[in-house]
Amino acid sequence: MKFMKLGSKPDLFQCTGDNIRYVATDLAADMIVSIGDVKFCVHKFPLLSKSARLQKLVTVQDTENNEEIEINEIPGGHMGFEICAKFCYGMTVTLNAYNVAMARCAAEYLEMYETVDKGNLVYKIEVFLNSSIFKTWKDSVIVFQSTRGLVPWSEELKVVSHCLDSIASKVSVDSSEVEWSFTYTRKKSVTVPQDWWVEDLCDLSSDLYKRVMIAIKSNGKTGSYVIGESLSLYVKKRLHWFGKRSGKRDGDVVKTHALIEMILELLPDETESVSCGLLVHLLHACVVLECAGTKRKELMRRIGNRLHDATVSDIVILDVDLVQELVAVFMTRNQNDENGILEVNGVSSEKVTVAKIIDGYLAEIAKDPDTSLLKFADLADMVSSLPRSTHDGIYRAIDMYLKEHPGIGKSEKKRICRLMDCRKLSPDACKHAVQNERLPLRVVVQVLFFEQLRGGGVSAEAAMGVTASGGSRTNTEEECGSGPTSEEGKGVVISKRVFMKVFSSKDRDSDNGSSDTSESRSTNAEETKSCTRSLRHSLS
């Protein structure tokens, strides 16, 4: 940190217990300066020789026979006046980034110009600011912070504008050319990162932060992605619950609203300028705080268009309704701009990614006992047309939902299991599914059927043709125990027969309704279970 030492005499200012400051000399004080509840007992000659304002005030005082001179409006209060008074006495006073703005404003107020006395305080401070302070990153930030309590003086004297220019110009310097101690909150490293400055600005109040970010953006030499990093870090340090699904929303609600709206206002327009995660967290904050109605719609549009850049951990903080809206934006965008979507082997990589993200999201919300089947299924239906290499993700989500909602009925189980395609389960998922007691038997048989076909070299598409053309059989012994002598053919025939047995029995149950006796239904169930056990044994 830069500093400037003025004067050479010892500091003779002393203080009594009742807020009276005086100079410890043999010469009695002949002037009292009152600032708030602090009184300074000083001497006219040294102060009036350098302050034009005090000269005028003393003249008025003598005319009106006032005992004290009140200057309550002096910027910096009694501390600012004391620096100026010590300078007038020639006492040692040290100026640095923490007090130089205050001293500059107080000296201006007291009119300590060159026209009053050569080498006066205003001149000396200006030289110090321009030759040292504004050339240093750390000092520029500290001085900028200190100007907040000195308005309007700091604005009128252009201390604020000089700080902004200094900060913005240093931020725009290529990181390879940064040679100063580039941060005062982290240790200097060998390689200076592009975002070397973002942490240093987090200590600024929101109004000062906004001004400096506007100056940095206006400079036009800083990458928008670095600006995005700065915005992300700033809001996370200000709101401890930001980006979390739950948490206490404490603090000043009005200030929190203003903070979120400020961040939204400062967001760069470039698509990739900020992470999709930050956009999602901002959307969540807007919903929680019920603010930024107009900007929220634009936020949803930006997120929806980049949904493939999100992660499950990002969107899991959002409720199902919001995620559905985001998926709708993504689907609409893909329909309108199919030519601009990156494809790998003829498949949209973005669509594959979104399908995977939503599958993961469904698995997370399935853990919540309050998640309704309707919302779960509706969201899954929205992405059912998106390409997937496997249906393992949606299977995991379904299994988790069945585990956390054991009380749902058969029709609900049937509804939720329709969301996955058994033909697209991986071998590991199939192995898990056939042992999964939470799944309806009908689904287990489907999995067994297609897995055996796959083991026999028959494609799932061909299998669907086999089942569609084949007739149902009613002889249980034939279905479970007979077949071609070829191992491959035997697997296919057994699979087909069990598959058809289950579905034909289900259809008969549906058609006959209450006319079936409990004995016949029990017999069918036992036959099906027997066939399923036989097929599982054949797969092992």
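**Group meeting: a walk through the predicted model**

Okay, let's start with the sheet: 5 strands make an open sheet, ordered S2-S3-S5-S4-S6, with mixed pairing. Strands S2 (13-15) and S6 (68-70) sit at the edges with a single partner strand each, so one side of each has no neighbour in the sheet. Neighbouring strands here are turned by 25° against each other on average, ignoring direction. For the terms, strands pair if DSSP finds at least two bridges between them. Strands (E, at least two residues) and helices (H or I, at least four) are DSSP runs, numbered from the N terminus.

Before going on, the ground rules. This is a predicted model, where local features need pLDDT of at least 70 and side-chain atom pairs count only at pLDDT 80 or more, while totals for chains, interfaces and linings use all residues. Residues are numbered from 1 along each chain as its sequence is written, and side-chain values use heavy atoms, with hydrogens and water left out.

Back to the sheet. S4 (residues 31-35) pairs with S6 in the parallel sense, over 3 bridges. Then look at helix H3 (residues 77-89), which lies across S2, S3 (20-23), S4 and S5 (38-42) and runs at about 10° to S5. Angles go from 0 to 180 degrees between N-to-C directions, and axes are lines fitted to C-alpha atoms, for helices over the stretch in contact.

So what does H3 meet in H4? Met79, Gly80, Ile83 and Cys84 of H3 meet Met102, Ala103, Ala106 and Ala107 of H4, contact being heavy atoms within 4.5 Å. The axes are 9 Å apart and the packing angle is about 75°, therefore H3 and H4 are roughly perpendicular. The cut-offs are under 35 degrees for roughly parallel, over 145 for roughly antiparallel, 65 to 115 for roughly perpendicular, and oblique for the rest. By class, this contact of H3 with H4 has 7 nonpolar residues, 1 polar and no charged. Nonpolar is Ala, Val, Leu, Ile, Met, Phe, Trp, Tyr, Cys and Pro; charged is Asp, Glu, Lys and Arg; the others, Gly among them, are polar.

Next, salt bridges: a side-chain nitrogen of Lys or Arg within 4 Å of a carboxyl oxygen of Asp or Glu. That rule gives 20 of them. One is Arg104 with Glu126, at 2.6 Å, N to O. Arg104 is in H4 (residues 100-109) and Glu126 in H5 (residues 121-131), 22 residues apart, so to speak distant parts of the chain linked by the pair.

Most residues other than glycine have a negative phi, and most peptide bonds are trans. Glu111, in the loop between H4 and H5, has a positive phi, near 60°. And Val151 and Pro152 are joined by a cis peptide bond, omega about 10°; Pro152 lies in the loop between H6 (137-146) and H7 (153-156).

Further along, the axes of H16 (residues 349-365) and H17 (residues 373-382) come within 10 Å and cross at roughly 175°. That makes H16 roughly antiparallel to H17. Ile358, Tyr361, Leu362 and Ile365 of H16 touch Phe376, Leu379 and Ala380 of H17.

Last, confidence. The protein chain averages a pLDDT (the predictor's confidence in each residue, from 0 to 100) of 82, with 77% of residues scoring at least 70. Residues 457-496 are below 50, with 51 contacts in the model beyond near neighbours in sequence. Where pLDDT is low, the predicted coordinates should not be read in detail.
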